[in-house]
Amino acid sequence: MNTWRNASLAATAAAVLALTTACGQEQGTNTNGQSVGAANPAGAADSGYGAGTGAGAPAAGAGTAAAAKPAGQLAVWDSKKLGKVLTDSEGFTLYRFDKDTPTPPKSNCEGDCATTWPVVAAGDAKAAAGTEASLLGEITRADGTKQLTIDGWPMYRYAKDTSPGDANGQGVGGTWFASAPDGKKASPTAAGGGEEAKEPSGDLAGLSVRKDPKLGDIVVDAKGMTVYRFTKDTAWPMKTACTGECLDKWPVVAPVDKNDVDGVTTKGFVTFDRPDGIKQQTLNCSPIYTFAGDKKPGDTNGQGVGGTWYAVSPDNKLVGASE
């Protein structure tokens with residue numbers, strides 16, 4: 001009995017040691033031994049939806065998700081900023097999640113995620129005037145709820161939209177977008193407002209290196225946008241202090257294939273399953289972001305913001321941060 005127990009403890013210790021080695025804290029990162037998972041990001045108000053931001057995705061059914069509310073008679077809102085946006089019968093914006101799949105239709109928003117993004121019940125949903133009724137469908141979630149889909153994309157509302165016409169969920173985390181009437185991302189530049197926004201063309205890797213005249217070699221994403229780290233995050237245990245409204249300003253870098261990296265460290269190159277349901281790329285287990293204030297490739301407007309946000313070197317150091 002003692003032999004089995006000792007072997008079990010040894011195996012557990014080895015597993016913890018291996019994970020610590022892969023995702024250990026970077027030397028020089030000051031966390032003061034404090035848990036910063038629920039810390040209020042510099043310059044951002046507490047959203048109320050990011051508390052308890054420990055590592056790992058929430059278990060299905062975790063948290064108290066809002067009861068699914070039927071969509072009723074769908075309608076189309078013509079927004080100058082977003083183009084044609086699909087709404088429910090009360091005028092609330094409907095959203096889609098990039099981590100979901102339309103073929104086959106599947107939701108990847110569970111637990112705490114479904115609290116922040118309440119699912120839209122299929123129920124008595126009716127197509128908006130001038131749209132194709134055949135695009136409406138439904139999926140059955142784990143709790144038995146029938147969720148509305150548009151051309152296969154599961155539909156959600158956003159808990160912080162408090163009035164008809166609000167679209168506070170647009171672009172959150174770089175993965176949530178208002179839905180066009182055909183289930184695509186709403187876009188003001190597309191014909192009819194219902195096509196996917198076109199991404200800039202280019203041959204950049206998912207993550208690569210750009211030589212900045214002031215900062216030197218820094219990491220950029222596939223669009224050439226500067227990549228940043230937040231000093232209030234921790235690599236081990238892997239936690240984020242950027243939640244809620246913080247993600248409006250600092251969208252996460254979506255997971256990147258390890259083979260789609262050029263000149264950037266792949267040490268600790270793992271996906272962070274955030275408690276809000278968003279999957280985020282890490283470098284040496286440190287979560288990485290872009291900055292909404294950077295409007296074009298080459299911008300570094302996020303550098304040094306709040307004394308906590310810094311561009312990242314190819315070996316995952318904070319560029320320009322004091323030791």
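So, Asp 294: buried, and yet without a salt bridge. Its nearest side chain of opposite charge is Arg 210, and that sits 7.5 Å away. Keep in mind this is a predicted model.

What does the side chain of Asp 294 make a polar contact with? The side chain of Tyr 228, at 2.7 Å. Leaving out residues up to four places away in sequence, Asp 294 also touches Met 225, Thr 226, Asp 299, Thr 300, Asn 301 and Gly 302, besides Tyr 228 itself. And where are we in the fold? Asp 294 is in the loop between β19 and β20, with β20 covering 309-311.

Okay, β19 belongs to an open sheet of 3 strands, ordered β17-β18-β19, with antiparallel pairing. β17 (271-273) and β19 (286-287) are the edge strands; each has a single partner strand, so one side of each has no neighbour in the sheet. Between β17 and β18, which is residues 279-283, there are 3 bridges.

We count 2 disulfides. One links Cys 109 and Cys 113, with the sulfur atoms 2.0 Å apart. The torsion about that S-S bond is -110°, which is left-handed, and both Cys 109 and Cys 113 are buried.

The other joins Cys 242 to Cys 246, again with sulfurs 2.0 Å apart. That link is left-handed too, at -105°. Buried or exposed, Cys 242? Buried, at a relative accessible area of 0%, and Cys 246 counts as buried at 1%.

Definitions and conventions: Residues numbered from 1 in each chain as written. Predicted model: local features only at pLDDT ≥ 70, side-chain atom pairs only at ≥ 80, totals over all residues. Heavy atoms only, no water. Pairing = 2+ DSSP bridges. Helix = DSSP H or I, 4+ residues; strand = E, 2+ residues; numbered from the N terminus. Buried < 20%, exposed > 50% of the residue type's maximum accessible area, 1.4 Å probe, protein only. Lys, Arg positive; Asp, Glu negative; His and termini not counted. Salt bridge = Lys/Arg side-chain N within 4 Å of Asp/Glu carboxyl O. Polar contact = N/O pair within 3.5 Å; in protein donor to acceptor, adjacent residues only side chain to side chain. Contact = heavy atoms within 4.5 Å. Disulfide = S-S within 2.5 Å.
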